[in-house]
Amino acid sequence: MTDQDLARRAVALLDLTDLSNGLDETGVERLCARALTPFGPVAAVCLWAGFVPQARRLLRDTPVRVATVVNFPAGGDDVMRAADEARYAVLDGADEIDVVLPWRALAAGRREVVGALLGAVRAVVPPGRVLKTILETGELKTPALIREAARIAIGTGADFIKTSTGKTEVSATPEAVGLMLEEIRVCGRTVGIKPSGGIRTLEDARTYLALADAVMGPGWARPETFRFGASGLLDVLIEAGGASP
């Protein structure tokens, strides 16, 4: 695949993200405008929950979905708080919810807390809205824990499993994504994957798409099953695709 073809393919798989502490209404306007690229729309914008209504207004009559985050970034174990965050985000019009799995609880062997929190969030995210579960693989570290997190997330109804918040020292890695894809392949239903955090170059995009193609088959990676979570990738893709950023 040429660089140009790769870039144009990846644009449609991008969750264009701004979860910076300084995000404001002007920044949301800029983010939403950038979501409609010379090569077509990105899959979604991902931003803080308080900006969901504004993003919905700005992206009305476009195919771009609005995503927000829950239990983010710490991945705590307060079940009611996480469920309430998700409920209010859905009421405000969020199409997609990215919830952080309580990874410290998992590492401590408290699997019942993990299942309870993810199940409670799933219960308030209705059919037609997408739930992505963030495993925080860079903090789980071991293949065994990454696989276990993926299985619990899938078992509690995640539509996607996502590597990272992007707020930790280690975010997405090919090794973690490979493990997650293997769990998806054997789970018996359609579940997507979202490499997120530290994805900045065309070669990064190539690596993760090649992994998906190898494990799941060519053509599997489409917006319904594959997303990039990135704040800095779009300009690289547009330039590689043959347009000015």
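Visitor: Which residues of helix α1 are buried?

Guide: In this predicted model, α1 covers residues 3-11, and its buried residues are L6, A7, A10 and V11.

Visitor: Where do those sit when you look down the axis of α1?

Guide: They fall within an arc of 130°, so they line one face of the helix.

Visitor: OK, switching to helix pairs. At what angle do α8 and α9 pack?

Guide: About 40°, with the axes 9 Å apart. Here α8 is residues 143-155 and α9 is residues 174-185. The two helices are therefore oblique to each other.

Visitor: Is that crossing left-handed or right-handed?

Guide: The crossing of α8 and α9 is right-handed.

Visitor: Which residues make the contact?

Guide: On the α8 side you have P143, I146, R147, A150, R151 and I154. From α9 come A176, L179, M180, E182, E183 and I184.

Visitor: How many of those are nonpolar, and how many charged?

Guide: The contact of α8 with α9 has 8 nonpolar residues and 4 charged ones, with no polar residues.

Visitor: Now α9 and α10. What are the angle and the distance between axes there?

Guide: These two pack at about 30°, and their axes are 10 Å apart. That makes α9 roughly parallel to α10. The crossing is right-handed.

Visitor: Which residues meet?

Guide: α9 brings P174, V177, G178, L181, E182, I184 and R185. Facing them in α10 are T207, Y208, L211, A212, V215 and M216. By class, that contact has 9 nonpolar, 2 polar and 2 charged residues.

Visitor: Does it count as buried or exposed?

Guide: Buried. The cut-off is under 20% relative accessible area, and R122 counts as buried because its relative accessibility is 19%.

Visitor: What does R122 touch?

Guide: Leaving out residues up to four places away in sequence, R122 touches R129, L131, T156, G157 and D159.

Visitor: And how far is R122 from R200?

Guide: Their C-alpha atoms are separated by 31 Å. Along the chain, R122 and R200 are 78 residues apart.

Technical notes: Residues are numbered from 1 along each chain as its sequence is written. This is a predicted model: local features need pLDDT of at least 70, side-chain atom pairs count only at pLDDT 80 or more; totals for chains, interfaces and linings use all residues. Side-chain values use heavy atoms; hydrogens and water are left out. Buried means under 20% relative accessible area, exposed over 50%, partly exposed in between (1.4 Å probe, protein chains only). Helices (H or I, at least four residues) and strands (E, at least two) are DSSP runs, numbered from the N terminus. The arc is that of the directions from the helix axis to the C-beta atoms. Axes are lines fitted to C-alpha atoms, for helices over the stretch in contact, and angles run from 0 to 180 degrees between N-to-C directions. Angles under 35 degrees count as roughly parallel, over 145 as roughly antiparallel, 65 to 115 as roughly perpendicular and the rest as oblique. A crossing is left-handed if the near helix is turned anticlockwise from the far one by less than a right angle, and right-handed if clockwise. Contact means heavy atoms within 4.5 Å. Ala, Val, Leu, Ile, Met, Phe, Trp, Tyr, Cys and Pro count as nonpolar, Asp, Glu, Lys and Arg as charged, and the others, Gly among them, as polar.
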